[in-house]
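The sequence and the structure come first.

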Amino acid sequence: MQPPAEHVHWMFATGFLLLGLFLLSEAIVGQEVWRRRPWRPYLWPSFAFGMGVLMWPVMTFFTNSTIHMVAHGAWAQVMMFAGAAELGLAKGKLRNPLWRLAIPFAFLVSGLAFLLHEQNPWFFQRSSFLHHFLGWLMVIGVVFPLARAWRPRWVVANAGFAMVFVVLAVALYCDRDLAPIFGHLSTLAGTPHR
Amino acid sequence: MSTHSVTQGLEERSHSRGLALRPLALAVLGPLTALAGLVWAVVQPYRVTLLHPDGQGFWWLVVEPPLLVIVAGLAFHYLVARPLIDDLEENSSAEGLPKPHLGKP
């Protein structure tokens, strides 16, 4: 009954796509309108926290090496930490603006975890290429949450922050067990299943 | 007429145009996402397992990326974007700006 690994990537991709859409709509309307309904400020932080919780079973059941377990565990922890920090800020329990740095911290740790746990340099193989792409996306994309932490109402920073999640979702949807990248697949990679 | 009042008028007009575009952007966000999923399903039909379900297991029938994108787009539109458009219209009314008339007939 355990889903194949690529299906788990696609389910998380859907979560990140929704997260990106929530953030993009918040960037479009601004914080005042976004906060007009009491549940809405908690929507995306709780979503991020929930995705962090769901990352734990991934860590447990999809451990094919120690470094994979460490990477999935790191993602689970930083997603929960960042989601919880944003929940605290939304509720007003956390007042120190330095808590806004939780998201950039999560981005940086996530990006490094992607880059460090995918040690295979096979760029012709899709999952390997995508792990490197995702790692650099998070490491470079950290500028948006950093800018957002510095100027929370800056539309460019908020929209860029949202778009990182949309691109992340697209990359995760592209993840497949074995498939060519840019139309080329080395014979070393084996036979594609579909 | 001073140049200041002219530029102020232009700024106000471009600001109100920007505000008027916001409900439109919100209204198309979900449907555009769903459309992207639909186009993906047409371009890569082999990723929609429902089109050839024989011998497929539970996960292959439930988790199909193009369909997930369509569902995500529609869910976002009906559950998040529409109430948000209503709030945006109410906010515009409260601020005395012209109502955009989007999202409601």
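## Chain B

Chain B has 3 helices and 0 strands. Its elements, taken from the N terminus, run α-α-α. The coordinates are those of a predicted model.

Of the 105 residues of chain B, 21% count as buried. Where contacts in chain B join residues at least 6 apart in sequence, 65% of them link residues at least 24 apart.

## Chain A

In chain A the secondary structure comes to 8 helices and 0 strands, in the order α-α-α-α-α-α-α-α along the sequence. Chain A has 194 residues, and 41% of them are buried. Among its contacts between residues at least 6 apart in sequence, 69% join residues at least 24 apart.

## Nonpolar core

The largest nonpolar core holds 65 residues. Within this core, A:F16, A:L23 and A:M79 have the most contacts. Helix 1 (residues 5-29) of chain A contributes the largest share of the core, 15 residues. In soluble globular proteins, nonpolar side chains tend to be buried together.

Leaving out residues up to four places away in sequence, A:F16 touches A:F165, A:L168, A:A169 and A:L172.

## Helices 4 and 5 of chain A

Helix 4 of chain A packs against helix 5 of chain A at an angle of about 170°, and their axes are 9 Å apart. Angles over 145 degrees count as roughly antiparallel, so helix 4 of chain A and helix 5 of chain A are roughly antiparallel to each other. On the helix 4 side of chain A, the residues that meet helix 5 of chain A include A:I67, A:A71, A:W75, A:V78, A:M79, A:A82 and A:E86. On the helix 5 side of chain A, they include A:I103, A:F105, A:A106, A:V109, A:A113 and A:H117. The residues of this contact between helix 4 and helix 5 of chain A divide into 15 nonpolar, 3 polar and 1 charged.

A:A90 lies in helix 4 (residues 66-91) of chain A. Is A:A90 buried, partly exposed or exposed? A residue needs 20 or more other C-beta atoms within 10 Å to be buried, and 12 or fewer make it exposed; A:A90 has 17 and is therefore partly exposed. Beyond its neighbours within four places in sequence, A:A90 is in contact with A:P41, A:Y42 and A:P45. A:A90 and A:C174 are 84 residues apart in sequence, and their C-alpha atoms are 33 Å apart in space.

A:L108 belongs to helix 5 of chain A. With 17 C-beta neighbours inside 10 Å, A:L108 also counts as partly exposed. Apart from its neighbours within four places in sequence, A:L108 is in contact with A:V139 and A:V142. A:L108 and A:V139 are 31 residues apart in sequence and 5.4 Å apart in space, C-alpha to C-alpha.

Helix 6 (residues 126-141) of chain A has 16 residues. At 1.5 Å a residue, helix 6 of chain A should span 22 Å, and its end C-alpha atoms are 21 Å apart, which agrees. Among its buried residues are A:R126, A:F129, A:L130, A:H131, A:L134 and A:M138. The cover over the buried residues of helix 6 of chain A includes helix 5 (102-117), helix 7 (143-150) and helix 8 (155-174) of chain A.

The axes of helix 6 and helix 8 of chain A come within 10 Å and cross at roughly 170°. Helix 6 and helix 8 of chain A are therefore roughly antiparallel to each other. A:R126, A:L130, A:F133, A:L134, A:L137 and A:G141 in helix 6 of chain A meet, in helix 8 of chain A, A:V164, A:V167, A:L168, A:A171 and A:C174. This contact of helix 6 with helix 8 of chain A has 9 nonpolar, 1 polar and 1 charged residues.

Conventions: Residues numbered from 1 in each chain as written. Chains lettered and ligands numbered in written order. Predicted model: local features only at pLDDT ≥ 70, side-chain atom pairs only at ≥ 80, totals over all residues. Core = buried A, V, L, I, M, F, W, Y, C linked by C-beta atoms within 7 Å. Helix = DSSP H or I, 4+ residues; strand = E, 2+ residues; numbered from the N terminus. Contact = placed C-beta atoms within 7 Å. Expected span 1.5 Å × (residues − 1). Axes fitted to C-alpha atoms, helices over the stretch in contact; angles between N-to-C directions. Parallel < 35°, antiparallel > 145°, perpendicular 65-115°, else oblique. Nonpolar A, V, L, I, M, F, W, Y, C, P; charged D, E, K, R; others polar.
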